[in-house]
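Please study the structure below before reading each solution.

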Amino acid sequence: MSYLYQKKSYKKIILNTEDAIKNVGSATAGTGNSEFTFMNFNTITIKEPSYLKIDAVSADITSDAIWNFKLDNVSYNQNKYYNSDSNGTPTILIRCFNGKSSMMLDNIALELPPQDINDFKLIILDEAGNGIGSAKFSLEICIQEIDNEIAK
């Protein structure tokens with residue numbers, strides 16, 4: 001038996017909140033920014049159906065709040081995604097940091113159809129609807145083509 005290696009497209013994107021265009025958005029008044037738009041990168045072209053996953057996240061925050069991360073401005077397969085908070089924006093991560101870095105171990109993936117991504121909008125709120133204040137977050141996002149043999 002022999003195997004033919006088929007190269008799959010794999011992209012890593014690191015988003016730092018301090019590099020984004022910040023906006024209070026839907027955060028409770030006076031609690032800081034909750035919407036972060038990232039536009040200063042080359043267009044990301046996805047030619048085949050792919051998974052978007054969070055590989056790692058870090059934060060310089062010391063609260064016990066549970067943070068909810070949502071990703072907007074990206075097309076995704078709505079038939080393969082469920083969000084229990086009745087908000088149409090997909091949740092990509094929920095974490096409590098306690099002042100330490102946190103690895104993404106939940107193996108959650110958002111399925112993306114072919115598209116060109118020109119910007120990301122990251123929405124970060126705690127369970128009370130507060131923004132991040134002066135905290136800084138960094139997310140390592142991976143976009144990888146779906147292996148059709150595994151997906152069947």
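Lys12, Asp55 and Glu140 are linked in a network of salt bridges (a salt bridge is a side-chain nitrogen of Lys or Arg within 4 Å of a carboxyl oxygen of Asp or Glu). The model is predicted: local features need pLDDT of at least 70, side-chain atom pairs count only at pLDDT 80 or more, and totals for chains, interfaces and linings use all residues. Residues are numbered from 1 along each chain as its sequence is written, and side-chain values use heavy atoms, with hydrogens and water left out.

**Exercise 1.** Determine which parts of the chain the salt bridges of Lys12 tie together.

Solution. Step 1: between Lys12 and Asp55, the closest N and O atoms are 2.1 Å apart. Lys12 belongs to strand E1 (residues 10-16) and Asp55 to strand E5 (residues 50-59), 43 residues apart; strands are DSSP runs (E, at least two residues), numbered from the N terminus.

Step 1: for Lys12 and Glu140, the closest N and O atoms are 2.7 Å apart. Glu140 lies in strand E12 (residues 137-145), so this pair joins parts 128 residues apart in sequence.

**Exercise 2.** Describe the order of the open sheet and identify its edges.

Solution. Step 1: five strands pair antiparallel in the order E2-E3-E11-E6-E7; two strands pair if DSSP finds at least two bridges between them.

Step 1: E2 (21-23) and E7 (91-96) each have a single partner strand, so one side of each is left without a neighbour in the sheet.

Step 2: three bridges join E2 to E3 (residues 35-38), and Asn23 stands opposite Glu35 in E3.

Definitions and conventions
Helix = DSSP H or I, 4+ residues; strand = E, 2+ residues; numbered from the N terminus.
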